[in-house]
Amino acid sequence: MTAAEFAALCVPSALSLREAREALDRTARGVLLVLQPDGRLLRTLTDGDLRRAALQQIPDGSTLSDLPRVSPVTLGHEAGPAAGLALLDQHQIDHLPVVDAEGRPIDIILRRELSSRIWLSSPHLGEDETGFVEEAFRTNWIAPLGPHVDGFERELAIHVGTGHAAAVSSGTAAIHLALLLLGVRPGDTVFCSSLTFVGSCNPILYCGANPVFIDSEPGSWNMSPAALERAFDAALRENRMPRCVILVNLYGQSADMDALLPLCERHGVPVLEDAAESLGALYKGRSSGTFGRIGVYSFNGNKIITTSGGGMLVSQDAALMERARKLATQAREPAAYYEHREIGFNYRMSNVLAGIGRGQLRVLEQRVAQRRRVFEAYRAALEDLLDVTWMPEAEGMRSTRWLSCLVLQGNRVRERRDLVLRSMERHSVEARPVWKPMHLQPLFRDAPFFAHAPGQDVSASLFEAGICLPSGSNLTDDQVAQVIGHLRRALQQAGKTHAAA
Ligand SMILES: *Cc1c(COP(=O)(O)O)cnc(C)c1O
């Protein structure tokens, strides 16, 4: 519902019953919000109320304030979504006005919204997945490993234009193996982007190593070359050079490789590229994930393509990927009696899931186009809002817009962010804050952090002011329009509440 549509539902109590009937027909939501002269909510009005008035022979020319008194069921603007649903059920109603602290209506929840949640990023199957999975069943390749695993590895490597790939059970498992392959050992230092999902850096702890977190730069939201340079300088001084650098490509966009890679090369430190969120993205025409010595993708349910759960390592180095496959299958030596010389893991992807992955890979380019279209719809529809900026797409990059992200401008951004998120959630729209940076997480409270510039913590600012919107490739035009309507009203409301505060 747009702000104008909501405004049309709000009518003065001086309206006649006849005029109210016309307004109900015109707005076609089945409900009006009747306001007292001071703007507070007097009551709601439905067709049923008008029918009862007719039965009681209240004349059509009477005003809404002449109707028998009923006190409206309302939801306070600070209440959560569960309270809204409870009230709808308890009173068996289909509309629930939301009122501010003074009792003025600011929003209305419709029951049908709550039965069709709009997700942040939900799985979107293509047409070929079931065929591949059925083939796995038909040929009895339900056991882990099998032709789909080999096929998925080969096809993904070709798709992104790299030499070799190793399919594993999750993106996190892929990062863990990649760290081991790059020689990370207990007590080592590993540099990692701070603005990311914890899956990027939990594996540093699995290895018994110590993370050092690097801030973002404003242009791509990814690792700041300036911060990385200062981190290297400090490491040189303290003689604690990192074993590797985990470069994360956030929300479908590549980091600035031309600025970051030479710094790592100069110090001879290999790059692990965490492309879990950026499969399908390009940096100067080259696929995201193929810049590091090892790249990693994730096929978790919320990623741009999914196997319900899974991950992949890629590299130009065939021997390295062969070793990844070995470590992922309990580090079994090639002997019939299963000889073991080193620690291994049960990290391989199953043949059934790889079948889903092969089908998904065929629609990857479509999914990129669909997500970019969702982003473009948001950007175009909200172009007039001056207190919003969008995650930039830097020159020479193609973001997949895995998630459509915006940042609030102005004062008290964190409060306004929370107001907007709460308001979206009341309509069962899943929006989220931008990732909470790792250097602000209690888990990593002792880890060193290098800011973009002294006193300028870019990732913390993005976290405070950032919002990720529903971005799935399977969102309908109607759902995108609903998100836009809710967001616009939520932003206006948050702006007002903030101005009043
Ligand atoms: C999803 C994600 C991971 C982890 O992938 P899983 O498959 O969920 O284990 C790692 N890093 C980033 C940046 C991610 O978004």
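Leu50 is placed in helix 3, where helices (H or I, at least four residues) and strands (E, at least two) are DSSP runs numbered from the N terminus. The model is predicted: local features need pLDDT of at least 70 and side-chain atom pairs count only at pLDDT 80 or more, whereas totals for chains, interfaces and linings use all residues. Residues are numbered from 1 along each chain as its sequence is written, and side-chain values use heavy atoms, with hydrogens and water left out.

Leu50 is buried, with a relative accessible area of 4%; buried means under 20% relative accessible area, exposed over 50%, and partly exposed in between (1.4 Å probe, protein chains only). Not counting residues up to four places away in sequence, Leu50 touches Leu17, Ala20, Arg21, Leu24 and Leu45, contact being heavy atoms within 4.5 Å.

Helix 3 (47-55) also contributes to a pocket: together with strand 3 (41-45) and strand 5 (95-99), each supplying at least two residues, helix 3 forms part of the lining of the second largest pocket. On a 1 Å grid over the protein atoms alone, a pocket is an open set of points where a 1.4 Å probe fits, with protein on both sides within 12 Å along at least five of seven lines, and lining residues have an atom within 4 Å of a point. The volume of the second largest pocket is about 310 Å³, a volume being the space filled by probe spheres set on the points. Of its 15 lining residues, Thr44, Thr46, Asp49, Val73 and Ile93 are the closest to the centre.

In helix 11 (residues 257-266), the buried residues are Met257, Leu260, Leu261, Leu263 and Cys264. Seen down the helix axis, these residues fall within an arc of 160°, so they line one face of helix 11; the arc is that of the directions from the axis to the C-beta atoms. The face turned away from the buried side carries the exposed residues Glu265 and Arg266. The buried residues of helix 11 pack against helix 10 (225-238), strand 10 (244-248), strand 11 (271-274) and strand 12 (282-283). Just after helix 11, Gly268 adopts a positive phi of about 65°.

The largest nonpolar core comprises 97 residues, and Leu179, Tyr251 and Leu313 have the most contacts inside it. A nonpolar core is a set of buried Ala, Val, Leu, Ile, Met, Phe, Trp, Tyr and Cys residues joined through side-chain atoms within 4.5 Å.
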